[in-house]
Amino acid sequence: MVQKILMICLGNICRSPIAEVVMVDTLEKAHKQNVVVDSAAIGPWHVGNRADPRAISTLAQHDLKCTHIVRQIHKKDFTEFDFIFGMDEDNMSELRRLAPKGSKAELLMLGDFGLEPKNRIIEDPYYERGAAGFETAYQQCVVACAAFMKERLA
Ligand code: 4NP
């Protein structure tokens, strides 16, 4: 059985592409197969673009590559994916609002896995100067993806 995971954030250029790449890396290192991971945006602004250069360089510093092209979330994602992750409370309320009745996806906040309650929000680093917030998001994703895999992916 293939399980499908979708990482969501507002623009799909900062946090969710990092979360996607980190989840794939976590699964690969654990030799876990049959899991598909993708990411998408709540909003349309960056559709067709690559991730923010700061997200790409943060991942590169950890020897990870990000080739994702931004796409916006679609109604059918709620029936195609098993798990849809938001990064913050705004993402979660948008996901709950967009979810069609009877959608199969479980809507979860990524930081609810493995992180201290005070660090559970993966904050938007887009408007910050520099890349420090991207490294923080990366580190949160590393902990949360490993914890989710251990807890929920048999
Ligand atoms: P992200 O960050 O949701 O982590 O990709 C953002 C990127 C772009 C915008 C907002 C958040 N924006 O408004 O363009």
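Helix H1 covers residues 15–29, and its 15 residues should span 21 Å at 1.5 Å a residue; the end C-alpha atoms are 21 Å apart, which agrees. The expected span is 1.5 Å times one less than the number of residues. Helices (H or I, at least four residues) and strands (E, at least two) are DSSP runs numbered from the N terminus. The model is predicted: local features need pLDDT of at least 70, side-chain atom pairs count only at pLDDT 80 or more, and totals for chains, interfaces and linings use all residues. Residues are numbered from 1 along each chain as its sequence is written, and side-chain values use heavy atoms, with hydrogens and water left out.

Of the 15 residues of H1, 12 are buried (under 20% relative accessible area, with exposed over 50% and partly exposed in between; 1.4 Å probe, protein chains only). Among them are Pro17, Ile18, Val21, Val22 and Leu27, together with the charged residues Arg15, Glu20 and Asp25. Contacts (heavy atoms within 4.5 Å) link the buried residues of H1 to strands E1 (3–9), E2 (35–41) and E3 (83–86), and to helices H2 (53–61), H4 (89–98) and H5 (132–152). Just after H1, histidine 31 takes a positive phi of about 55°.

An open sheet is formed by 4 strands in the order E2-E1-E3-E4, with parallel pairing; two strands pair if DSSP finds at least two bridges between them. The edge strands, each pairing on one side only, are E2 and E4 (106–109). The twist averages 25° from one strand to the next. H1 packs on this sheet, touching E1, E2 and E3, and its direction makes about 175° with that of E2. Axes are lines fitted to C-alpha atoms, for helices over the stretch in contact, and angles run from 0 to 180 degrees between N-to-C directions.

E1 is joined to E3 by 3 bridges, and methionine 7 stands opposite phenylalanine 85 in E3. E1 and E2 pair over 7 bridges, also in the parallel sense, and isoleucine 8 stands opposite alanine 40 in E2. The β-α-β crossover from E1 through H1 to E2 is right-handed (with the strands pointing away from the viewer, the path from the first strand over the helix to the second runs clockwise).

In E2, 6 of 7 residues are buried. Aspartate 38 lies in this strand. Leaving aside neighbours within four places in sequence, aspartate 38 is in contact with Ile5, Leu6, Met7, Glu20, His68, Arg71 and Phe81. The side chains of aspartate 38 and arginine 71 are joined by a polar contact of 3.1 Å (a pair of N or O atoms within 3.5 Å; within protein, one must be able to donate a hydrogen and the other to accept it, and residues adjacent in sequence count only if both atoms are side-chain atoms).
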